[in-house]
Amino acid sequence: MVQTPTSASQVVRFGVFEVDLQAAELRKNGVKVKLQEQPFQILNLLLERPGKVVTREEIQKKLWPADTFVDFEHSLNAAVKRLREALGDSADNPRFVETLPRRGYRFIYPVEGRPSTALGIKGQAGLDGRRIGRRAWLAALGLLALAAVVVGLNVGGLRDKLLGRPAPGAITSIAVLPLANLSGDPEQDYFVDGMTETLITELSKIGALTVISRQSVMQFKGTDKPLPEIARELNVDAVVVGSALHIGERVRITVQLIEAASDRNLWAENYDRELRDILALHSEVARAIAREIKITLTPQEQVQLGRAQPVDPETYQLYLKGNFQLTRLSQTGFRKAVEHYQQAIEKDPAYAPAYAGPAATTAPTD
């Protein structure tokens with residue numbers, strides 16, 4: 001007798017999180033995370049179509065029908081904000097939920113066990129009493145057995161494709177750890193930290209790659225923790241480590257790409273450039289990493305990672321000093337940062353980043 005399948009409990013996993021769709025629970029490392037109904041329903045909608053856009057209109061029809069009187073824009077924004085808080089996600093540097101302005105949202109992290117619609121196989125009553133021939137049954141059973149073998153053995157990567165998984169060993173998330181200051185001079189920390197931040201910015205231009213924010217990685221500056229442990233804490237597939245040395249008008253950078261699970265060195269390179277070409281150097285490193293982890297850049301990304309222009313070394317260093325002072329989160333640091341930005345503008349009035357620094361910042365209170 002053919003059984004009619006029920007909507008058995010489905011568990012969808014991504015990173016350290018899992019979602020039990022039947023119990024309507026979000027769990028992190030097995031521990032339940034409090035999440036209200038509407039944010040959970042939005043997460044459910046996104047997980048139904050990972051990697052694809054779920055429009056605001058679709059969410060509205062699903063969660064707030066036409067006869068519901070509510071400020072939809074405010075309610076949706078609040079629900080998505082609560083969802084991101086539960087996931088520890090960021091709208092500016094999303095790891096899980098990406099916002100597409102005026103369109104909707106997209107779940108960008110690989111998932112395992114994505115929701116699927118029940119097959120709806122009917123019993124004999126549903127077949128209007130018609131008999132199914134023995135040969136047809138045998139053929140159907142044979143196809144099912146073959147499909148089970150193919151999927152079970154992951155032939156041609158079929159299982160991974162069906163489950164929405166990346167290929168084995170695929171790298172979709174990465175953390176750039178603070179570069180080491182080879183000069184040994186603390187006065188050069190501003191420069192080395194600036195190199196770290198610029199590399200993070202360049203890699204973040206690659207849409208298929210999730211890059212951990214500067215704020216999250218700087219806590220590991222000078223740490224002696226093993227790289228696999230750091231990778232687990234940051235929940236990334238790989239880490240970038242290296243060092244920088246600034247001598248006069250030249251800069252030397254060593255970069256390594258380490259696979260998190262195996263602690264295996266996937267790629268390493270040394271660069272020696274003039275300081276005026278430092279931005280082009282970072283773009284070159286980002287492209288090299290993309291090639292190594294087999295990410296195909298879109299035409300737009302190729303343009304973004306290939307248009308870096310030479311910079312005036314003194315102007316650039318003043319800008320980096322301003323950024324470094326801002327991280328001190330004090331009135332004194334803010335005041336010095338503004339001074340450095342103003343000096344950079346006086347040196348090169350056309351250097352746009354120097355204008356953006358103080359404009360995007362408010363002075364803290366000590």
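This is a predicted model: local features need pLDDT of at least 70, side-chain atom pairs count only at pLDDT 80 or more; totals for chains, interfaces and linings use all residues.
Is the crossing of α11 and α12 left-handed or right-handed?

**Stop one: the helix pair.** Select residues 313-326 for α11 and residues 331-347 for α12; their axes come within 8 Å and cross at roughly 165°. Angles over 145 degrees count as roughly antiparallel, and α11 and α12 are therefore roughly antiparallel to each other. As for the opening question, the crossing of these two helices is left-handed.

Now show side chains where they touch. On α11, the contact residues include Glu314, Leu318, Tyr319, Lys321 and Leu326, while α12 brings, among them, Phe334, Lys336, His340, Tyr341 and Lys347. Colour the contact of α11 with α12 by class and you will find seven nonpolar, seven polar and four charged residues.

**Stop two: the sheet.** Next, move to the four strands that form an open sheet in the order β1-β2-β3-β4, paired antiparallel. Select 11-14 for β1 and 31-33 for β4: these are the edge strands, each with a single partner, so one side of each has no neighbour in the sheet. Turn the view to follow the twist, which averages 30° from one strand to the next.

Zoom in on residues 17-20 (β2) and 25-28 (β3), antiparallel strands joined by four bridges. Pick Val19 here, and look opposite to find Leu26 in β3.

**Stop three: the helix across the sheet.** Which strands does α1 lie across? The answer is β1, β2 and β3, with the helix running at about 100° to β2.

Key
Residues are numbered from 1 along each chain as its sequence is written. Side-chain values use heavy atoms; hydrogens and water are left out. Axes are lines fitted to C-alpha atoms, for helices over the stretch in contact, and angles run from 0 to 180 degrees between N-to-C directions. Angles under 35 degrees count as roughly parallel, over 145 as roughly antiparallel, 65 to 115 as roughly perpendicular and the rest as oblique. A crossing is left-handed if the near helix is turned anticlockwise from the far one by less than a right angle, and right-handed if clockwise. Contact means heavy atoms within 4.5 Å. Ala, Val, Leu, Ile, Met, Phe, Trp, Tyr, Cys and Pro count as nonpolar, Asp, Glu, Lys and Arg as charged, and the others, Gly among them, as polar. Two strands pair if DSSP finds at least two bridges between them.
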